[in-house]
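Here are some notes on the structure you sent over. Please read them with the coordinates open.

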Amino acid sequence: MTSTAWGSSLWSGMSLQPGSVRVVLLDRLTRSLGKDPETATPRDVYDALSLAVREELTSRWLATSRRVSRARVKRVCYLSVEFLPGRSLINALSSLDGDLVAEARAVVRELGLDLDDVAALEQDPGLGNGGLGRLAACFLDSLATLNYAAVGYGIRYDYGIFTQVIGEDGGQREIASSWLKLRNVWEIPRSDAEYIVRFGGRCQTETDADGKVRHRWVDTQDIVAAGFDHLVPGNRGPTVNHLRLWSGRGITPFHIDQFNAGYHLRAVEEQIAAKNVSRVLYPDDSTPQGRELRLRQQYFFVSASLQDLLAQHLDEGRPLSELPDAVAIQLNDTHPALAIPELLRLLMDEHGLDWEQAWPITHQCFGYTNHTLLPEALETWPVEMFERLLPRHLQIIYDINDEFLQALGVEGLSVRGQHRDMSIIDEDHGRRVRMSHLAIIGSRRVNGVAKLHSELMRRTIFANFAELWPERFTNVTNGIAVRRWLKQSNPGLSTLLTERLGSAWENDLEELERLRWAVDDEGFRGRFAEIKRFNKQRLTAAVLRRAGVAIDPASMFDVHVKRIHEYKRQLLNLLHVVVRYNRIRANPAGDFVPRSVLFAGKAAPGYFLAKAIIRLVNNVARTINADPVVDGRLRVVFLPDYDVSLAQQIMPAADLSQQISTAGMEASGTGNMKLALNGALTIGTLDGANIEMLDCVGHDNMFIFGLTSDEVVARRAGGYVPRQFLRGNAELEQALEMIAAGFFSPGNKDEARPVVDRLLGAGEPYLVLADFKAYDAAQAAADALYRQPSEWTRRAVANTVGMGTFSSDRSIREYAERIWGIRPVL
């Protein structure tokens, strides 16, 4: 492109609209960034285009704010320690107007660049680790698309979760994420949103002029929470909401007197301590310092968020008594549960309300979403830590608990011994604050995230509460943002659907029901198969770049991508991989369905066994991929540093989706939905949302195996002995012996011994070996079906068109109806 041609595009002050991309991009390159289009780098083009898009979003955001303020509608305040939004540029362009993506692609091509390459310069925001954060991001997308007034609140982690690299030994190493290293054009610093957050100190009790007892929290160590906004556009609509993230700052960032006196480190100690609270997501909690930092983080962001929403409420001239009519505060798991005592503190200590006024207001504002049935994952904190860090909140928690336990006595429940089990304070394990109990008692609604999960929640971990307050408990099955996970991730399939349905499916995924006929339409299936082949070729190239392993795009892409945890049973998959490897070695001339088994996911830094699983996967992969006997019929790859952008390449290319958690332990899952929507067949247990998916896509179109949740409970109760499942299964026994003997880690033969010891240990909680035989049979059924390409494609189409109910738009409409009581604002 010549400078003369670009120079003729004179800026006319227009905003980013269809037909204006060329002019606006030139203006931002030259006037905002001072770059010549002839010498502009790809990063310059990315920055200029992103600035133009953000400016248009900002204009729409301000208009949204004015509409919401005038309408005085109820807002959703979504509190979550994790958000995984993914890259912003393509998403924002597509949300503003679908035609803008094609136009931007053409304009960027004039500069000799590819839009996808330019967009890939953006690093994924390191604000989450897995399903919890991705769900939160999907919900913000749907709230904006459905025109609900909403704000997300979280933490602006300087270094995110971590960047995962794989060492020479196959093990995970964590290095600091650099997502904020370069200019982040998508965030807006908010100097008008800065609040003091306090820690430590002591509590004083005073009597005011009216004779009322008042509490003061004094002698605290204070830091500043500084707000940064990320704009969240709805799809092809007027609404733009925002995600407000908090960053820690010192009250006095730099003490010049200390510096001039020669105490250079002491001069910045306050700033360092304040910034530590927003350095990383989930600091390693294997040390006392790490555990304390996690509690500080949780209080830091909920305090700033509640101060912010109260300030906005009062700025609108609304009394505090109307707060439940103005905001619905949703706790995404227990991490933000401190918001309950914090709101009470703010209402009573800062705004002068009595307990009798503050408690009903607080209780009516909150909803709590539970995401786990694992007792060890239900957060508790030592009372001693609260006494040191949050003494006023401990007082308030005691008050909440006392009032609750007294009410139990009135209801006659105390005689049934439920006081101890239901108390917020756990007296049996060193006096700890049970955050899930605090969240349930302090919320007007409590929801699970899949039908089975909600049922088990009511029957098991929260049975006493569900008996006391059955009306408080409900279910909202999770969903996914179809714009991100189909429209943007799978343009070929998106185009095919639009050709047959129009574009309405983008905002109403249940439109897919109108395509049920396509399962038996040869022409549709042919196009569908072509798109899948293209997506597999694209992923093949990405795997080679990222992992250095060549995989065959004609092979079955067998995908297991999720957080590494024992209950998700990556080990069950890996044992089958080893058995399959041995079958090939024993019969080199055999006719085996070629497979490429792809693993991805991060392990928590302090989770020893999860990290051992990653090391074992990589060592098994190295051995199999180097064995000439296998001859390409089996490839195993661990893709490092799994994030949203990598997932957007994997989901459209997958053939087989591994959803094999121990039944009753996965709350819902959303990876299962993303993969099925993109035409992968699920191999899975009757767990989480798999059950509801089975009802929608049909029993013939999934490979279901294994123990049910009730059978898991019975097996544990009867005394689970893993070794008994080796009897009569020589292949499984051989696989375990090879791993234990160091066949896959000859440099350190005992390296994998802890993994095998765990699998064979009495009472192993995830019943891996108990489900192996059924899993192997399901894998054989998948092999047999893959030999019939036309039938496989037919069932893949059935998965796609059957997933209409699993949109996050449907989830949000249910939250709006059942929990929040909100209405759209247009």
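Predicted model: local features only at pLDDT ≥ 70, side-chain atom pairs only at ≥ 80, totals over all residues.

1. The largest nonpolar core holds 126 residues. Leu575, Leu634, Phe703, Leu736 and Leu769 have the most contacts inside this core. Helix 24, which covers residues 608–626, supplies the largest share of the core, with 10 residues.

2. In soluble globular proteins, nonpolar side chains tend to be buried together.

3. What does Phe703 touch, leaving aside residues up to four places away in sequence? Its contacts are Leu656, Leu681, Thr682, Ile683, Gly684, Ala778, Ala781, Ala782, Leu785 and Trp792.

4. Is Ser494 buried or exposed? Ser494 has a relative accessibility of 8%, and because buried means under 20%, Ser494 counts as buried. This serine sits in helix 21, residues 491–501. Not counting residues up to four places away in sequence, Ser494 is in contact with Leu486, Lys487 and Trp505.

5. On the surface, a nonpolar patch is formed by Phe254, Ile256 and Phe259. Together these residues have about 280 Å² of accessible area. Ile256 belongs to helix 8, which spans residues 256–260. With a relative accessible area of 53%, Ile256 is exposed, because the cut-off for exposed is over 50%.

Terms used. Residues numbered from 1 in each chain as written. Heavy atoms only, no water. Patch = residues over 30% accessible without salt bridge, like charges linked within 9 Å, V, L, I, M, F, W, Y side chains within 5 Å. Areas by Shrake-Rupley, 256 points an atom, 1.4 Å probe, with all protein chains shown as cover. Salt bridge = Lys/Arg side-chain N within 4 Å of Asp/Glu carboxyl O. Helix = DSSP H or I, 4+ residues; strand = E, 2+ residues; numbered from the N terminus. Buried < 20%, exposed > 50% of the residue type's maximum accessible area, 1.4 Å probe, protein only. Core = buried A, V, L, I, M, F, W, Y, C linked by side-chain atoms within 4.5 Å. Contact = heavy atoms within 4.5 Å.
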